[in-house]
Amino acid sequence: MKIPYFLGAVLLLVSCNSEQKKKDNDTASHEVKTYSITQFYGNSRINGGAFSGDESKLLVSGDESGIFNLYEITISDGTSKQVTHSDKESFYAIDYVPGTGEMLYSADKGGNEISHIYLLDNEGKSTDLTPGAQAKSSFVGWSTDKKSMYFLSNKRDPRYFDVYKMDMAGRKQNMLYENKEGYSFSGMSDDEHILALTKSVTTSENRLFLYNRNTGKTEEVSDPDKPGSYSGSGFSKDGKYFFYSTDADAEFAYLVKYELTTGKKHILYKTDWDVMYSYTSENGKYRVIAINEDGKNSLVILDDATGEKVDFPEIPDGDIIAVSISESEEKMRLTVGTSKAPNNIYVYDFKSGELKKLTETLNPEIDGNDLVSAEVVRFKSFDGLEIPAIYYKPLSATASHKVPALVWVHGGPGGQSRTGYSSLIQYLVNSGYAILAVNNRGSSGYGKTFYKMDDKNHGDKDLKDCIWGKKWLEKQPYIDADKIGIIGGSYGGYMTMAAMTFEPDAFKVGVNIFGVTNWLRTLRSIPPYWESFRTALYEELGDPNTADSVRLKAISPLFHAEQIKNPVMVLQGSNDPRVLQVESDEIVEAMKQNGVPVVYVVFPDEGHGFVKKENEIKGYGKIREFLDKYLKGENTGT
């Protein structure tokens, strides 16, 4: 698995004539209502879901207030209580502090990604446990006795993350591992003796090591003769085994059991898709395995003693985003999304077999029947390569009512468009735009060969995949072939600008959401805490300090902006540490000087991705206004 780093009102007449339906697909089953951007962002988003000590509640993050805050959900009846009331920064739930009822959460400043860990006590007082203006920290677990937490921090050296242990009673901390060589933490044994560490080679290859804190010795688990991606998946409770996933000697990642004393390896689980992650429950009764299966997650639960699958109810169209098993191993929390509804929280009772849905995140003003289910499609690109994509066809689209369309490009490089819910996509589709989310070559989830196909070839063959996606759209009888645009965020924003620059006749409009336009500057200004990944990043994209700079300049839209001729919209967060605002400022100014119609929206309180509802409503609402004017409305006057 490669590592993604940069970096969702028409009346339809009902006919009973089946022959007419077959003739031109000009009928539909009901009148489709259109909804405003405010209604679509009246949905709720929910993250996390940690069980309380007595397993009666779940601690989650939700944005009902317009920004993410902490909430508690009572499992018995699904009632929710808001715990924090931030109106400036988003708070993301981590966990309850064992035995206390206190809570941990994470927050940064305005989207700058310098996250700290905070403690919320029972009186409502919040304390920053990991202070430091440039110190980025992340929680990685609890000690076996539940009295201490483990966390990563780059406070010693901005480039690298050390491993710390903090006693929660006295809040004293000590360093367990000083990271001087740029390793990435990938797990630790319960007795704290052995750490799993990875070292990046390329974005699709790394090496996996086990470091013994007692002896100071480091042992390589990965096989240098079988390069690939390696990722730790935990240690057994008895300390005899280490688990990891790898795609060595295979296209897709599989799960391996490694015997610590002998070094023997045994394939524990393998299928024709990537194992996304795997871990065991608190006492080792169950093993959770998540599979990235053609754009959505499927879940396998094994009885760890017998290896047999544990049956549990399926959720139609469900993409299982995350799962957590309670300490008693009697309950399982599932975070599940569908293409027609935001993520919801479910709790499964292993004993009774009951699956209970605790949340309803879709705005009750929206009828789910008016939304569109995502469809997985495939098309042939310029060289015959099959390209997977996620497709959304408006319910209003028919051969006699043709609609405009957008090619959607995900972030990365190395990301993946999936079948889960996107308010932006559903809003645009509900507004009459077909969307083809192209998983161009270089996307994750389709094997490591496919993943590597864009290495040092960005803005070329992967861009051609997007153009051939446009050609696929043109062939659909209900698409207006003269009204097709391109949209994307982060690396997808770069692809948008590359299309508008290097293939200026391909798309009528482009929507660039914080996209790279100057690769030389972006690659030279990556955050310091990406240092351990810098070499791998340069190996894929190119080193801006070498002869690679010639190619990087050649593929950077900023240096060729005079070629852009069709309207472009740009959205940017001022606090973005990955794609600096100057990237967008300069490309917008260049287009204006060339007389190209440009709409530019900047949010001073956002980073690499917009999380505040008021900003999403404003920015994404303007996307539709832009499209209505320059794409859909070119010949209609709307």
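Start at the hairpin: β7 and β8 form it with five residues between them, and G124 in the turn has a positive phi of about 90°. Strands here are DSSP E runs of at least two residues, helices H or I runs of at least four, numbered from the N terminus. This is a predicted model, where local features need pLDDT of at least 70, side-chain atom pairs count only at pLDDT 80 or more, and totals for chains, interfaces and linings use all residues. Residues are numbered from 1 along each chain as its sequence is written, and side-chain values use heavy atoms, with hydrogens and water left out.

Now select 126-128, strand β8: it pairs antiparallel with β7 over three bridges (pairing takes at least two DSSP bridges). Y118 stands opposite D128 there. On to β6, residues 103-107, which pairs antiparallel with β7 over five bridges; L104 has L119 as its partner.

Colour 116-120 next. H116, Y118 and L120 point one way, I117 and L119 the other. Five of the five residues of β7 are buried, so the strand is largely enclosed by the rest of the structure (buried is under 20% relative accessible area, exposed over 50%, partly exposed in between, with a 1.4 Å probe and protein chains only).

Last stop, salt bridges: a Lys or Arg side-chain nitrogen within 4 Å of an Asp or Glu carboxyl oxygen. Select D319 and R418, whose closest N and O atoms are 3.4 Å apart. The pair links distant parts of the chain, 99 residues apart. D319 is buried at 2%, while R418 is partly exposed at 22%. Finish on R45, D63, K613 and E616, linked in a salt-bridge network.
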